[in-house]
Amino acid sequence: MTPVRMVIIGLNFGEQIVGELQANSTIAVVGVCDLDEAKASEVGHQYGLRRYRDVSEVFGDPAVEAVGLFVSPDVRPALIGRAAAAGKHVVTTKPFAHDGAAADLSLDAVRRAGTVLVANSPRLLPGADLDQVWTWRQRHDLGRLIALEGRCWASYDEVPDGTWYDDPDLCPVAPVTRLGIYLLSDMVDLAGPPVRATAVQSRVRTRRPTSDTALISLEFGDGVLGSVLCSFCVDDGHPYANELDVVFERGRVRLATREGVLTARLDAVGPGSTRITEESSWTGGPYDYPWAEVARMVRAGEPTPPQYARRLRESAALVETLRTLERGARSSEPAPIA
């Protein structure tokens with residue numbers, strides 16, 4: 001299969017993607033584009049890539065088949081629409097959109113164009129970890145889902161830099177928007193969209209105007225409760241570790257990602273109060289970009305699947321809720337899900 005020719009737009013995070021794709025056989029990065037011309041020249045020179053002056057030049061180049069959009073989320077929906085109108089496929093990052101209206105505009109443009117739109121959260125492909133949860137639930141009759149408890153952390157000492165990370169409306173309940181959104185999307189896959197949310201947050205050591213530690217609590221249907229704790233103030237030797245406890249009536253599954261290894265551990269009670277313990281592990285992170293699948297869809301002419309478009313829309317509704325919580329941060333009133 002001929003590699004899909006892609007230009008990376010936005011090099012703050014996109015530079016990391018350029019490096020990651022150098023060894024990829026299904027996606028070929030052919031150029032870069034960034035408002036910071038010096039940055040674009042530096043990265044382009046380092047990897048021997050063409051530097052595009054602006055996005056209009058990228059979208060107007062018939063040799064470009066896809067774009068990696070790693071720009072601020074406030075401008076991303078409009079660029080997705082422009083990319084779709086130009087027939088370019090899009091790979092982007094979270095948060096996909098800040099509200100349902102922006103998400104609908106992007107998804108409608110992609111649907112009309114019949115192009116591919118993929119983000120790293122929610123996941124395009126089913127995860128082996130979540131599949132394992134359901135396998136154990138059925139095999140061992142774990143009963144009803146009771147609760148979901150997620151945790152993720154890193155250690156930053158940040159200062160204001162004028163990016164969207166400094167804007168509470170663009171980066172609401174910041175640790176959850178920046179890190180915890182992955183866990184929130186997994187919770188939706190497990191329990192369906194939540195119906196109510198509350199949040200508390202603090203600024204432990206950050207000098208940004210946005211928070212660096214936050215806890216969000218969720219109510220799902222059927223009495224299922226959830227929570228996600230995220231912080232940029234924790235260094236335990238495992239940066240960007242994720243943990244998710246999936247709690248059933250008769251057992252608990254703990255999913256954990258550390259240093260590129262994903263593990264799932266079951267602790268449950270079987271017939272006669274016998275204890276059940278099982279464990280599985282996989283290499284690679286659960287939120288890695290599915291580059292090979294993106295390339296396959298492009299070459300096969302398969303557009304964004306409707307069920308994945310729905311999940312992208314649900315992820316935008318979650319961020320819209322975080323924005324509502326941020327605006328009412330000095331109030332204890334819970335926010336309805338958009």
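Predicted model: local features only at pLDDT ≥ 70, side-chain atom pairs only at ≥ 80, totals over all residues.
Residues are numbered from 1 along each chain as its sequence is written, and side-chain values use heavy atoms, with hydrogens and water left out.

Reader: How many helices and strands does the protein have?
Author: Helices (H or I, at least four residues) and strands (E, at least two) are DSSP runs, numbered from the N terminus. Counted in this way, the protein has nine helices and 15 strands.

Reader: Which radius of gyration does the protein have, and why does it agree with a compact globule?
Author: The radius is taken over C-alpha atoms, and the globule rule is 2.2 Å times the number of residues to the power 0.38. For 338 residues a compact globule would have a value near 20 Å, so the protein agrees with the rule at 20 Å.

Reader: What percentage of the residues count as buried?
Author: Buried means under 20% relative accessible area, exposed over 50%, and partly exposed in between (1.4 Å probe, protein chains only). Of the 338 residues, the buried ones make up 52%.

Reader: Which residue in S4 is the bridge partner of Ile9?
Author: Strand S1 (residues 4–9) runs parallel to strand S4 (residues 66–69), and four bridges join them. In S4, the partner of Ile9 is Leu69.

Reader: How many residues lie between S11 and S12 in their hairpin?
Author: S11 (residues 242–248) and S12 (residues 251–258) run antiparallel and are joined by seven bridges. One of the bridge pairs is Asn242 with Thr257 in S12. The number of residues between the two strands of this hairpin is two.

Reader: Which residue in the turn between S12 and S13 has a positive phi?
Author: S12 is joined to S13 (residues 261–269) by eight bridges, and these strands run antiparallel. Arg258 has Val261 in S13 as its bridge partner. The two strands form a hairpin with two residues between them, and the residue with a positive phi, of about 50°, is Glu259.

Terms used:
Pairing = 2+ DSSP bridges.
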